[in-house]
Amino acid sequence: MWLYETLYPDVKLGIRGKLIYKKKTPYQDLRIYDTRRFGKALILDGTIQTTERDEFIYHEMLTHPPLLAHPGPERVLVIGAGDGGVLREVLKHAIKKVYLVEIDNEVIRASKRYLPSLNNGAFGRDKRVKIIIDDGAKFIQETKERFDVVIVDSPDPLGAAKVLFSRKFYRNIFSVLSDKGMAVRQTGSTILQPEELRQNYRLMKQVFPYVSVQLAAIPTYIGGFFSFLIGSKKINPEKVSYEKISKRYRKLKLKTKYYNPDIHFASTKLPTYLRGGIGK
Ligand code: SAM
């Protein structure tokens, strides 16, 4: 059997694998495949969300840059991320509280059962975790809580995730961030989804004084470099020194397989085609 990703009308990724679970949830079509090369894979509405084999690249690059660029993060909000990968990485930091707001409880249930290495116990034992099943856009509009870092780990702007890609959403994130707060999100493939990076860079620039771009290649997110945007209220993430980042990295004794202080800076170096493209 083959798993075919159907995110693009004219480009398909095929991976040999076996369908081991599927469910039509109130929000999306949820499938789990067991593949030879990438291990188990979570698919939502035909789009590869994460695989056991290469998830570490994405989850480390979404989590550690903002949490190490911030001088002392204590309260973190994660939106989406029902597979648990971001939560696992956030809990490696000396934070006090992390809220995870996921709209579809079925994603958490299926991920706990079929992809346990992603959450690595984050959904159970750690008292710092608070799981909320809700629409992240609604939560951020209503919450009275304040956060030092907000991590948006949403799918592409389809279905329930569309509301997580608007100026209003970024304005609401800005208002729940503490004064040195930062927010990060993935903004898709720089080759196959160039508009996603351009549009969200422009939207975030209208809300945040500082917006920085980072790149990483994640094999099952086809289309070359995948992009991440960090919006920051007070601190320019690109001006936080290598010494500071590496001191914080060492102090935490962070165990990572992709991220490190060199990658933290190397990932901000943009190829020429991207510089003009995002209005840099
Ligand atoms: N890493 C993946 C990617 O880059 O596409 C995303 C992983 S995670 C599985 C995405 C999660 O966002 C899904 O579990 C989905 O249910 C959740 N989600 C979608 N829209 C949401 C919303 N409005 N509020 C909260 N969670 C949402």
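# Briefing on a predicted protein chain

Of the 280 residues in the protein chain, 57% are buried. The model is predicted. Its protein chain contains 10 helices and 12 strands. Because its radius of gyration of 18 Å is close to the 19 Å that the globule rule gives for 280 residues, the protein chain is as compact as a globular protein of that length.

**Overall dimensions and surface**

- The C-alpha trace of the protein chain spans about 50 × 45 × 35 Å along its principal axes.

**Contacts along the sequence**

- Taking the contacts in the protein chain between residues at least 6 apart in sequence, 67% join residues at least 24 apart.

**The cavity**

- The structure has 1 cavity of 30 Å³ or more.
- The volume of the largest cavity is about 570 Å³.
- Its lining consists of 41 residues, and those nearest the centre of the largest cavity are Leu-44, Gln-49, Ser-154, Pro-155 and Asp-156.
- Two or more lining residues of the largest cavity come from each of these elements: strand E4 (39-44), strand E5 (47-51), helix H1, strand E6 (75-80), strand E7 (97-102) and strand E10 (177-189).
- Strand E5 gives the most to this lining, with 3 residues.
- By residue type, the lining of the largest cavity divides into 20 nonpolar, 13 polar and 8 charged residues.

**The largest pocket**

- The largest pocket holds about 280 Å³ of space.
- It is lined by 14 residues, and Pro-71, Gly-72, Arg-248, Lys-251 and Leu-252 are the closest to the centre of the largest pocket.
- At least two residues of the lining of the largest pocket come from helix H1 (55-69), and at least two come from helix H8 (242-251).
- Helix H8 gives the most to the lining of the largest pocket, with 4 residues.
- The lining of the largest pocket comprises 7 nonpolar, 3 polar and 4 charged residues.

**An element found in both linings**

- Helix H1 supplies at least two residues to the lining of the largest pocket, and helix H1 also gives two or more residues to the lining of the largest cavity.

Notes:
Residues numbered from 1 in each chain as written. Predicted model: local features only at pLDDT ≥ 70, side-chain atom pairs only at ≥ 80, totals over all residues. Heavy atoms only, no water. 1 Å grid on protein atoms, 1.4 Å probe; cavity = no way out; pocket = protein on both sides within 12 Å on 5 of 7 lines; lining within 4 Å. Points joined across faces, edges and corners; volume = space filled by probe spheres on them. Nonpolar A, V, L, I, M, F, W, Y, C, P; charged D, E, K, R; others polar. Rg over C-alpha atoms; globule rule 2.2 N^0.38 Å. Buried < 20%, exposed > 50% of the residue type's maximum accessible area, 1.4 Å probe, protein only. Contact = heavy atoms within 4.5 Å.
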